[in-house]
Amino acid sequence: MTSPMPRDAEATRRRLLDAARDEFAAVGIAGARVDRIAAAAASNKAQIYHYFGSKDGLFDAVFDDLCRATLDAVPVDAGALPEYAGRLFDSYEERPWVQRLATWYRLERAGARPLEIVLESNAAKVKAIADAQAAGALPSTFTPVELLGLVLHLSGFWSSNTPEFDTAVDAIGSERRRAVVVRAVEAVLAAR
């Protein structure tokens, strides 16, 4: 018979990650308060330090979790880059905190430690695009790295705007925004 402790520990850890995700997305690392995170998770600050070591360690765990979830949910398909961009857009719509956390990561944590899972994923995506270009399935107008960068940035275009631009596009529905992303990637692929 196994003890319920691991399940309780995992549930506590998950609650802390979810509460921290919301706190970090709202105010960044510097603005985040571990006491607010602990309270939102129905836990205590000691648990945060027990599981994650520090506030930075907690952010790293949240960001790692976010990256893994995105990579698992939206695998690249080099043969269908427009649809891949559309699926990334869908992911950002379903999880609006992703782009906010990525922005806080770039501002407050980039360079602190390499995210191996992201480095490996990027290398695999670049290789898949290079292979598709070599096979003639994708144009070679842009290098594989350039093409991947364009696809990634176009997919996140709508979720990384300034609030002032958001007010100008409030009337554009999600379906139309997705179509714009897909068509923009199609246009990039058609560029000669």
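I will start with the second largest pocket, where α6 provides the largest share of the lining, namely four residues. Please keep in mind throughout that what we are looking at is a predicted model.

Let me turn now to the largest pocket, which has a volume of about 830 Å³. It is lined by 31 residues, and the ones closest to its centre are Tyr 92, Ala 102, Arg 106, Val 118 and Leu 152. At least two lining residues come from each of α4 (55–73), α5 (81–94), α6 (97–108), α7 (116–134) and α8 (144–155), and the lining as a whole consists of 20 nonpolar, nine polar and two charged residues.

Finally, I would like to look at how two of these helices meet. The axes of α4 and α6 come within 11 Å of each other and cross at roughly 130°, which means that α4 is oblique to α6, and the crossing is left-handed. On the α4 side the contact is made by Phe 59, Val 62, Phe 63 and Leu 66, while α6 brings Trp 97, Val 98, Leu 101, Ala 102, Trp 104 and Tyr 105. Sorted by class, this contact of α4 with α6 has ten nonpolar residues, with no polar and no charged ones.

Conventions. Residues are numbered from 1 along each chain as its sequence is written. This is a predicted model: local features need pLDDT of at least 70, side-chain atom pairs count only at pLDDT 80 or more; totals for chains, interfaces and linings use all residues. Side-chain values use heavy atoms; hydrogens and water are left out. On a 1 Å grid over the protein atoms alone, a cavity is a set of points where a 1.4 Å probe fits but cannot get out, and a pocket is an open set with protein on both sides within 12 Å along at least five of seven lines; lining residues have an atom within 4 Å of a point. Grid points are joined across faces, edges and corners, and a volume is the space filled by probe spheres set on the points. Ala, Val, Leu, Ile, Met, Phe, Trp, Tyr, Cys and Pro count as nonpolar, Asp, Glu, Lys and Arg as charged, and the others, Gly among them, as polar. Axes are lines fitted to C-alpha atoms, for helices over the stretch in contact, and angles run from 0 to 180 degrees between N-to-C directions. Angles under 35 degrees count as roughly parallel, over 145 as roughly antiparallel, 65 to 115 as roughly perpendicular and the rest as oblique. A crossing is left-handed if the near helix is turned anticlockwise from the far one by less than a right angle, and right-handed if clockwise. Contact means heavy atoms within 4.5 Å.
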